[in-house]
Amino acid sequence: MKPAATQRGAPLPAKIRVRLAASVAERSERRVATDCGCSRQALARALAGLPIYPGTVALVERYLAQQRRGADKQSERIVR
């Protein structure tokens, strides 16, 4: 019997995985998963370098972009 085909894509690139791990270390896995919009299991798969769904990749990338924009705004306030 053949194994069922899955729709999982590829693992997150190493750069993104490192940024995500830093965010989890700073905030907590549960909070990052909630803010990211994905399940804790999907977040754990992403951090472990396992294949994840393309939609999860998009959610993680959007979350990290929002975090970066927030950090940029924060540094702007400090400079002013």
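Modeller: Here is the predicted model, and we can go from the overall fold to the packing.

Biologist: How many helices and strands are in the protein chain?

Modeller: The protein chain has four helices and zero strands, and from the N terminus on the order of its elements is α-α-α-α.

Biologist: And what share of the residues counts as buried?

Modeller: Of the 80 residues in the protein chain, 22% count as buried.

Biologist: Now the packing: at what angle do the axes of H1 and H3 cross?

Modeller: The axes of H1, residues 14–27, and H3, residues 40–48, cross at roughly 130 degrees and come within 9 Å.

Biologist: Switching to the largest nonpolar core, which residues touch the most other members?

Modeller: That core has 16 residues, and Leu12, Leu20, Val32, Leu43 and Val60 touch the most other members. H1, H2 (29–36), H3 and H4 (54–79) each give two or more residues to this core, and H4 gives the most, with four.

Biologist: What is valine 32 in contact with, leaving aside neighbours within four places in sequence?

Modeller: On that basis, valine 32 is in contact with Leu20, Ser23, Val24, Arg27, Leu43 and Tyr63.

Technical notes:
Residues numbered from 1 in each chain as written. Predicted model: local features only at pLDDT ≥ 70, side-chain atom pairs only at ≥ 80, totals over all residues. Heavy atoms only, no water. Axes fitted to C-alpha atoms, helices over the stretch in contact; angles between N-to-C directions. Core = buried A, V, L, I, M, F, W, Y, C linked by side-chain atoms within 4.5 Å. Buried < 20%, exposed > 50% of the residue type's maximum accessible area, 1.4 Å probe, protein only. Contact = heavy atoms within 4.5 Å.
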